[in-house]
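Trainee: I am new to this structure. Could we go through it together, one topic at a time?
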Amino acid sequence: MEAALAAKAARRPSAKQKPVLVLNGPNLNMLGKRQPEIYGRETLADVERGCRSEAVRLGLAIEFFQSNHEGALVDRIQAAREQNAAIVINAGAYTHTSVALLDALNAAELPVIEVHLSNIYKREAFRHHSYISPAAVGVIAGLGSQGYLLALQALARHLVR
Ligand code: DQA
């Protein structure tokens with residue numbers, strides 16, 4: 001019984017632990033409607049629900065943010081330096097274009113996991129290069145929304161190290 005209570009307490013987000021930021025870039029607000037043969041039928045709200053229930057299971061607090069605007073993503077990453085413990089990012093098309101996001105992630109000095117719903121290496125050549133990967137602890141691509149859950153699992157381990 002005591003072990004079960006201890007396990008439950010261990011899963012509760014600690015008051016000291018800042019939330020993990022789950023950041024989504026341009027067009028990810030269109031999930032569910034947008035090219036479902038590539039990105040699936042789940043909406044971003046479904047992805048958020050899945051992340052929230054996984055976070056509870058892992059004892060992590062999380063915050064979700066989506067923007068179609070590069071500058072808004074840079075602003076949120078800058079704020080994360082003080083407000084968040086780590087970042088899960090699907091930068092959408094900015095992955096393949098944005099030195100500004102790379103600079104912001106480097107300046108944040110937080111553990112970052114890069115996620116893509118689709119396998120970007122199986123697609124057009126311009127998607128094979130990511131500007132932001134050098135700032136990431138790891139990259140998960142091609143596993144659909146499960147990638148976000150795996151990223152949270154990886155961070156739960158990484159943050160207790
Ligand atoms: C994406 C892949 C990108 O190439 C694309 O521009 C996106 C979504 C993915 O999740 O598979 O918007 O990041």
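Predicted model: local features only at pLDDT ≥ 70, side-chain atom pairs only at ≥ 80, totals over all residues.
Mentor: Let us begin with a term: helices of at least four residues and strands of at least two are DSSP runs, numbered from the N terminus.

Trainee: Which side chain does Arg127 make a polar contact with?
Mentor: The partner is Glu124; the two side chains are joined by a polar contact of 2.7 Å. Arg127 also belongs to the residues around the ligand.

Trainee: Which other residues are around the ligand?
Mentor: Besides Arg127, they are Arg34, Tyr39, Asn90, Gly92, Ala93, His96, His116, Leu117, Ser118 and Ile120.

Trainee: How does that shell divide into nonpolar, polar and charged residues?
Mentor: The shell holds 4 nonpolar, 5 polar and 2 charged residues.

Trainee: Which polar side-chain atom lies 2.6 Å from an oxygen atom of the ligand?
Mentor: That atom belongs to Ser118. Backbone atoms take part in the picture too: a backbone N or O atom of Leu117 lies 2.8 Å from a ligand oxygen, and for Ala93 the corresponding distance from a backbone N or O atom is 3.2 Å.

Trainee: How much of the ligand does the protein bury?
Mentor: The protein buries 99% of the 320 Å² that the ligand exposes when taken alone.

Trainee: And which pocket is the ligand's space?
Mentor: The space taken by the ligand is the second largest pocket.

Trainee: Let us change topic to the whole chain. How many helices and strands are there?
Mentor: The protein chain has 6 helices and 5 strands. Along the sequence they follow the pattern α-β-α-α-β-α-β-α-β-β-α.

Trainee: What share of the chain's residues is buried?
Mentor: The chain has 161 residues, and 43% of them count as buried.

Trainee: May we look at some buried strand residues? Where does Val112 lie?
Mentor: Val112 lies in strand E4. Val112 counts as buried because its relative accessibility is 2%. The C-alpha atoms of Val112 and Val139 are separated by 9.0 Å, although the two residues are 27 apart along the chain.

Trainee: Where is Asn24, and is it buried or exposed?
Mentor: Asn24 is in strand E1. Its relative accessibility is 0%, so Asn24 counts as buried.

Trainee: What about phi of Glu109?
Mentor: Phi of Glu109 is near 50°, again a positive value in a residue other than glycine. Glu109 sits in the loop between helix H5 (99-108) and E4.

Trainee: Why does Glu109 count as exposed?
Mentor: Glu109 counts as exposed because its relative accessible area is 61%, and exposed means over 50%.

How values were computed:
Residues numbered from 1 in each chain as written. Heavy atoms only, no water. Near = heavy atom within 4 Å. Polar contact = N/O pair within 3.5 Å; in protein donor to acceptor, adjacent residues only side chain to side chain. Areas by Shrake-Rupley, 256 points an atom, 1.4 Å probe, with all protein chains shown as cover. 1 Å grid on protein atoms, 1.4 Å probe; cavity = no way out; pocket = protein on both sides within 12 Å on 5 of 7 lines; lining within 4 Å. Sits in = over half its atoms within 2 Å of the grid points. Nonpolar A, V, L, I, M, F, W, Y, C, P; charged D, E, K, R; others polar. Buried < 20%, exposed > 50% of the residue type's maximum accessible area, 1.4 Å probe, protein only.
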